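Me: Hi! I'm new to this one and would like a friendly walk through it. Could you show me the structure and then take my questions?

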Amino acid sequence: HMKHCIIAKFGDMVADKKETLAQVKALFAAAAPVEGVTGIVIHENCVARDNRYDLMIVVEMARDALGAWDASEIHHQWKAQFGGMLASKAIFDYED
């Protein structure tokens, strides 16, 4: 399996990061199944420093499921609802 990590930092327009993180968690908790995706875990940053990212979404999937993930409703909702709130993000994929 592959882990697809979305590491994101909220922009200054996000006044309440805890509330926004709760909304992100609620969005992914309600996600419909995506073919080839076996799990989604959201990690919150535990160190409050300006140079830290705020969250990491880890999507466990079959390596060939990346296309299905990109086309999925949950991926589109994430980008539509939260994309404009991000100051920066990084994508990192690995296998273990």
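Reply: Happy to. One term to begin with: contact, or touching, means heavy atoms within 4.5 Å. This is a predicted model, where local features need pLDDT of at least 70 and side-chain atom pairs count only at pLDDT 80 or more, while totals for chains, interfaces and linings use all residues. Residues are numbered from 1 along each chain as its sequence is written, and side-chain values use heavy atoms, with hydrogens and water left out.

Me: Okay, which residues does Thr 20 touch?

Reply: Setting aside residues up to four places away in sequence, Thr 20 touches Phe 10, Val 14, Phe 82 and Met 85.

Me: And where does Thr 20 sit?

Reply: Thr 20 is in helix H1, residues 17–29. Helices (H or I, at least four residues) and strands (E, at least two) are DSSP runs, numbered from the N terminus.

Me: Is Thr 20 buried or exposed?

Reply: Thr 20 counts as buried because its relative accessibility is 8%. Buried means under 20% relative accessible area, exposed over 50%, and partly exposed in between (1.4 Å probe, protein chains only).

Me: What does the side chain of Thr 20 reach?

Reply: The backbone oxygen of Asp 16, at 3.0 Å. That is a polar contact: a pair of N or O atoms within 3.5 Å, where within protein one must be able to donate a hydrogen and the other to accept it, and residues adjacent in sequence count only if both atoms are side-chain atoms.

Me: Now the helices. How do the axes of H1 and H3 cross?

Reply: They come within 10 Å and cross at roughly 160°, with H3 covering residues 73–82. Axes here are lines fitted to C-alpha atoms, for helices over the stretch in contact, and angles run from 0 to 180 degrees between N-to-C directions. H1 and H3 are therefore roughly antiparallel to each other; angles under 35 degrees count as roughly parallel, over 145 as roughly antiparallel, 65 to 115 as roughly perpendicular and the rest as oblique.

Me: Which residues make that contact?

Reply: From H1 there are Thr 20, Gln 23, Val 24, Leu 27 and Phe 28, and from H3 there are Ile 74, Gln 77, Trp 78, Gln 81 and Phe 82.

Me: Let's change topic. Where is Leu 86, and what does it touch?

Reply: Leu 86 is in strand E4, residues 86–95. Apart from residues up to four places away in sequence, Leu 86 touches Ala 8, Lys 9, Phe 10, Gly 11 and Trp 78. Leu 86 counts as buried because its relative accessibility is 16%.

Me: How far is Asp 12 from Leu 86?

Reply: They are 74 residues apart in sequence and 8.8 Å apart in space, C-alpha to C-alpha. Asp 12 lies in the loop between strand E1 (2–10) and H1, and at 83% relative accessibility Asp 12 counts as exposed.

Me: What about Ile 6, which residues is it in contact with?

Reply: Ile 6 is in strand E1. Leaving out neighbours within four places in sequence, Ile 6 is in contact with Leu 55, Met 56, Ile 57, Trp 69, Trp 78, Ala 90 and Ile 91. At 2% relative accessibility, Ile 6 counts as buried.

Me: Last one: where is Ser 72, and what does its side chain reach?

Reply: Ser 72 is in the loop between helix H2 (66–71) and H3. The side chain of Ser 72 reaches the backbone nitrogen of His 75 at 3.2 Å, and Ser 72 counts as buried at 7% relative accessibility.
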